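Subject: Structure handover

Hello,

Here is the structure for you to look at. My notes on the helices and strands follow below it.

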Amino acid sequence: FPDFWDGDYDFFHYIEQAEQTGQHALLLGSRGKGKSLKAGSMCTRNYFHIRESKSYCFAASEGYLTDDGIITKAWDNMDFIDQNTPWGKRRQVNNDSLHRRASIKVTNSSGIETEEGYKSEIIGVTVGDNIDKLRGKRGKLIILEEFGNFPRGKRGWNILRPSMEQGKSTFGLML
């Protein structure tokens, strides 16, 4: 397990304040401080504890999601939780390198297959040069991983906001 420092407490306190007040958050910092691990753990928290939640992780290139990226860190957290806690979730409908959904396939007495379960999701999306992939996404959590590498990042942020806000209501946190 990683060490927990005062700065980690401050980070999660900041995130909690943003969520409670309907705001979004921006995180800047030097490399090697566990920002991707913390953000991945936020996705995992939603997946295991908030029914039908969606957590999106967007990145300019897939390497920021996979390799030693945020999605890989979330999957490691999920595997640990599945193996060592009573909160394990099956993933029979979506369980691939960039998308996991907590659900099972059930066949009723008429032979019709349906999906049941918690239905929370973590979805990784590579944006590349197409910033419009952000359009229309709404979730409990949207993370723009390595935001400094996004082409036209400010435009992307402004594309996401209308999907995450309506009047005074905010549907989730953008980080």
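To begin with the helices, helix 1 passes helix 2 in a right-handed crossing. Please keep in mind that this is a predicted model.

The two elements are helix 1, residues 6-20, and helix 2, residues 35-49; their axes come within 12 Å and cross at roughly 50 degrees. That angle makes helix 1 oblique to helix 2. On the side of helix 1, the contact is made by D8, F11, F12, I15 and E19. Helix 2 contributes K38, S41, M42 and R45. Sorted by class, this contact of helix 1 with helix 2 has four nonpolar residues, one polar residue and four charged residues.

Helix 2 also packs against helix 3, which covers residues 70-84, at an angle of about 50 degrees and with the axes 8 Å apart. Helix 2 is therefore oblique to helix 3. This crossing, too, is right-handed. From helix 2, the residues in the contact are S36, L37, A39, G40, S41, T44, Y47 and F48. From helix 3, they are I70, K73, A74, N77, M78, I81 and D82. By class, the contact of helix 2 with helix 3 divides into eight nonpolar, five polar and two charged residues. S41 of helix 2 is listed in the contact with helix 1 and also in the contact with helix 3.

Now the strands. Strand 5 spans residues 121-126, and five of its six residues are buried, so the strand is largely enclosed by the rest of the structure. Which strands does strand 5 pair with? One partner is strand 1, residues 54-59, which pairs with strand 5 in the parallel sense over six bridges. Another is strand 2, residues 99-101, which runs antiparallel to strand 5 and is joined to it by three bridges. E121 in strand 5 has a place in both pairings: K54 stands opposite E121, and E121 is also the bridge partner of R101.

There is a hairpin as well. Strand 3, residues 104-107, and strand 4, residues 113-116, pair in the antiparallel sense over four bridges. In this pairing T107 stands opposite E113 in strand 4. Five residues lie between the two strands of the hairpin, where G111 takes a positive phi near 85 degrees.

If you want a place to start, look at helix 2, which has contacts with helix 1 and helix 3, and then at E121 in strand 5, opposite K54 and R101.

Regards

Technical notes: Residues numbered from 1 in each chain as written. Predicted model: local features only at pLDDT ≥ 70, side-chain atom pairs only at ≥ 80, totals over all residues. Heavy atoms only, no water. Axes fitted to C-alpha atoms, helices over the stretch in contact; angles between N-to-C directions. Parallel < 35°, antiparallel > 145°, perpendicular 65-115°, else oblique. Left-handed = near helix turned anticlockwise from the far one by under 90°. Contact = heavy atoms within 4.5 Å. Nonpolar A, V, L, I, M, F, W, Y, C, P; charged D, E, K, R; others polar. Buried < 20%, exposed > 50% of the residue type's maximum accessible area, 1.4 Å probe, protein only. Pairing = 2+ DSSP bridges.
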